[in-house]
Amino acid sequence: MDFAIGEDRQMLSDTMSRYLAKNFDWEKRLKVIETEAGFDRAMWNELAELGVLGALFPEDAGGFGGTAFDIGVVFAEVGRAIATGPFLDTLLAGRLLAAAGESDVLESVIGGEKIVTLAHQPAYDAETGEESDVTASGSGENWTLDGAKGVVGYLGAANLIVVTSGDKAFLLEAGGEGVSVSDYRMVDGGSGGELKLSGAPARLLSGVDAETIAGNEAAGVVALSWEGVAVMDQLRDQTLEYMRTRKQFGVPIGKFQALQHRMATLALEIEQARSSSINAAAHFDKPERDRFAAAAKYTLGRVGNLAAEEAIQIHGGIGMTWELPLSHYAKRMVMLGHMLGDEDEHLSRYIELLRAA
């Protein structure tokens, strides 16, 4: 089987790789994640100019690609550099805008002029242990939203917010009436926030239904899976390099057979995750899309946890320090495992879909 991504996608991958290596090195990342926004807006605009954001959307929506493999290539480079920014939010919110025919709005997003995010996850109250979600009321062009959404990516920097409510989606201005935003830093260095709405005027995104939202989540799983495999590769490579240089009893610890076996097992598991991510992309436009997406997300969570744990355990205490890049990759890996559903949720979903098939 030919696993080549094609000449055009390879050019996109190489362009992103060179750009991020030059403009988002380790020192730059440490500075960026200390900022309020959690990402570099100037760098975001430059990525837009390079066509990176446009690669996430098809030509009829104003983009330059939009296939599952285009999405995968972009997010693999994001994972390799653990770049911060609303990449996933742009993909998910942008696809809903495209489905609704909001070409002018999406054009401003693809061009980097506007930042958009997706409010999809219900808010969670730690005190009561209960979830609350957004409800919509209205008809035609007159809709208002009430309720809350939680862990909204890069909410503080967003100009536009796409909010889901059941099988509907709505567009509203971040600074509009009835919109309250509370943002915070995430464990991986990015930014998130809580969204509260009280009679907030919003525009219904016509053409968006339950199937559109389900397809959107599948695209998100493809993105996370490819990003996760790239993060796993970094965890493995950085651990192997440490094993070559760290000495104990006068020899590199990479000479110890027990550690060699652990790394060999990890390498095999990462290849399983890579195959799952490729399968998710290859079956994205097929009837069995959701089953392969669930398999990829389950594998991402299981193997990702293994990669993070092995990397930190073999490094020892230094593996948890802020100054070591590996700790940041491990934190991102854990986050990826929980976004859009964790491994337990997707294992149950896979079993149900397999039985149905």
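Start by selecting Val222, Ser225, Trp226, Val229, Met232, Asp233, Arg236, Thr239, Leu240 and Met243 in H7. They meet Leu259, Gln260, Met263, Ile270, Glu271, Ala273, Arg274, Ser277, Ile278, Ala280 and Ala281 in H8, where contact means heavy atoms within 4.5 Å. Color that contact by class and you get 13 nonpolar, four polar and four charged residues; Ala, Val, Leu, Ile, Met, Phe, Trp, Tyr, Cys and Pro count as nonpolar, Asp, Glu, Lys and Arg as charged, and the others, Gly among them, as polar.

A quick note on what you're looking at: this is a predicted model, with local features needing pLDDT of at least 70, side-chain atom pairs counting only at pLDDT 80 or more, and totals for chains, interfaces and linings using all residues. Numbering runs from 1 along each chain as its sequence is written, and side-chain values use heavy atoms, with hydrogens and water left out.

Now show both helices whole: H7 is residues 210-245 and H8 is residues 257-282. Helices here are DSSP runs of H or I with at least four residues, strands are runs of E with at least two, and numbering goes from the N terminus. The H7 and H8 axes sit 9 Å apart at an angle of about 160°; axes are lines fitted to C-alpha atoms over the stretch in contact, and angles run from 0 to 180 degrees between N-to-C directions. H7 and H8 are therefore roughly antiparallel, the label for angles over 145 degrees.

Next, pick arginine 95 in helix H5 (residues 87-99). Leaving out residues up to four places away in sequence, arginine 95 touches Phe57, Gly66, Thr90, Gly215, Asn216, Ala219 and Phe284. Draw a C-alpha to C-alpha distance from arginine 95 to valine 208 and it reads 9.9 Å, for 113 residues of sequence separation.

Last stop: strand E9, residues 191-204. Strands pair if DSSP finds at least two bridges between them.

- E5 (residues 142-149) runs antiparallel to E9, joined by seven bridges; find glycine 147 opposite leucine 197.
- E7 (residues 168-173) pairs antiparallel with E9 over two bridges, and phenylalanine 170 partners leucine 204.
- E8 (residues 179-185) pairs antiparallel with E9 over seven bridges; look for serine 182 opposite glutamate 194.

Finish on the E8 and E9 hairpin, which has five residues between the strands. Click glycine 189 in that turn: its phi is positive, about 100°.

Methods:
Angles under 35 degrees count as roughly parallel, over 145 as roughly antiparallel, 65 to 115 as roughly perpendicular and the rest as oblique.
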